[in-house]
Amino acid sequence: MSVFEHRSFDAHEHVAFCHDKKSGLKAIIAIHNSHLGNALGGCRMFDYRCDDEAINDVLRLSRGMTYKSAAANLPLGGGKSVILGNPRHYKTEELLRAMGRFIDSLGGRYVAAEDSGINEADMRIMGQETAHVAGFSAQAGERGDPSPATAYGVFIGLKIAVEQRYKTTDLKGMRVAVQGVGNVGYRLAEMLAREGAELWVSDLYKENAERAAKELGAHVVDPDQIFSLPVEVIAPCALGSTVDDIVLSQLQAGVIAGSANNQLAHDDLGAALKARDVLYTPDYVINSGGIIDVYYQRQGLPYARAHKHITQTITETLQEIFQRSASTGEATNVIADKVARRRFDPDFSSVDCVA
Ligand code: NAD
């Protein structure tokens, strides 16, 4: 199996395959680009069907982090790590410590944060072997979990998108459907409810959706109905790839703005959404509040600083993307990639024409 010829290889700087015989750890760490700074990105533990699936995931996700941090105006590169195996069966203290040592061996070029299958307690264990871990509270009173910052950023971005598409900043009476009311989606729903939006929610966990109904007055719908509702805004806050060709044919909303990573099942959907007058808010721009918060936490700076950065960066970057999309006719996801790339790739700036 070749990495250099892999379909998801994109001039990644460093790909490390990590094996610890004693704990059984098998992991891959990928640093995509470190032009803007050391790479920061989640450590995921997942039961991949084969090695190729894991390689594909780590190559794709680390590249995505380069774009996300650049779009967020952070001095960070893009990286990600994956641990192969079902976290429920194979996660042990010994394995997490071994992972911490591999992260440490990169000397800070890659800093790991939480991701699916890896929680705060796991990060603390890795943190006993390396200082290059972030996004969790090492001591009582520290803020840790970046979900509130992510939700705040999505809220700001959603309002910018509504203003662009519906020419109003008033969410009172605006119909919003939130797919997935977990850590981010529920907090987003709370902020929307506070501004008077009418909410529809779906979640695979019935109790999550019922909590939103009870606490926020949201209407609960089945997961397969959420995208076809007659609403103004859809906020995908569950898993990736939920916006596909079938969803496209059902959509009634004029705005898509949510926290999920990799929302579009394939890139061409960006143009297809634009052709249908649906304003797609690029995922890695609108959900960058979390990484901004993690960056400020690592600097030991208060949330107020992160809050200011989130507000300013998400507002300005989305406004630029929406304006350029309107004037050039290009899809918002394509413009977002250009805006991010202009920030991390010095060779690209000269060929990217600003509209
Ligand atoms: P979470 O696991 O707390 O919440 C996700 C919720 O979505 C869960 O309640 C789950 O039951 C539900 N869900 C899953 N599939 C669904 C489906 N098909 N229909 C309806 N509900 C479904 O996760 P989270 O931390 O809230 O993150 C949500 C999304 O945002 C993820 O894609 C994540 O990668 C992304 N994201 C999160 C952060 C963060 O700071 N937490 C930052 C950036 C991006």
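**Entry 1: the model.** I noted before anything else that this is a predicted model.

**Entry 2: around the ligand.** I looked up what surrounds the ligand and got 21 residues. T150, V184, D203, N208 and A238 are the closest of them. Next I sorted the shell by residue type: eleven are polar, eight are nonpolar and two are charged.

Entry 3: I then went through some N and O atoms. In S147, a polar side-chain atom sits 3.2 Å from a ligand nitrogen. L204 uses its backbone instead: an N or O atom there is 3.4 Å from a nitrogen atom of the ligand. For N261, I found a side-chain N or O atom 3.1 Å from an oxygen atom of the ligand.

I also checked how covered the ligand is. On its own it exposes 820 Å², and the protein buries 76% of that. Which elements give two or more residues to the shell? I found helix 5 (147–166) and helix 6 (183–194).

**Entry 4: helix 5 and its partner.** I followed helix 5 to helix 12, residues 303–328, where the two pack with axes 9 Å apart and an angle of about 30 degrees. An angle under 35 degrees counts as roughly parallel, so helix 5 is roughly parallel to helix 12. I noted the crossing of helix 5 and helix 12 as right-handed.

Notes: Residues are numbered from 1 along each chain as its sequence is written. This is a predicted model: local features need pLDDT of at least 70, side-chain atom pairs count only at pLDDT 80 or more; totals for chains, interfaces and linings use all residues. Side-chain values use heavy atoms; hydrogens and water are left out. A residue is near a molecule or strand if one of its heavy atoms lies within 4 Å of it. A polar contact is a pair of N or O atoms within 3.5 Å; within protein, one must be able to donate a hydrogen and the other to accept it, and residues adjacent in sequence count only if both atoms are side-chain atoms. Accessible areas come from the Shrake-Rupley method with a 1.4 Å probe; for residues, only the protein chains shown count as cover. Helices (H or I, at least four residues) and strands (E, at least two) are DSSP runs, numbered from the N terminus. Ala, Val, Leu, Ile, Met, Phe, Trp, Tyr, Cys and Pro count as nonpolar, Asp, Glu, Lys and Arg as charged, and the others, Gly among them, as polar. Axes are lines fitted to C-alpha atoms, for helices over the stretch in contact, and angles run from 0 to 180 degrees between N-to-C directions. Angles under 35 degrees count as roughly parallel, over 145 as roughly antiparallel, 65 to 115 as roughly perpendicular and the rest as oblique. A crossing is left-handed if the near helix is turned anticlockwise from the far one by less than a right angle, and right-handed if clockwise.
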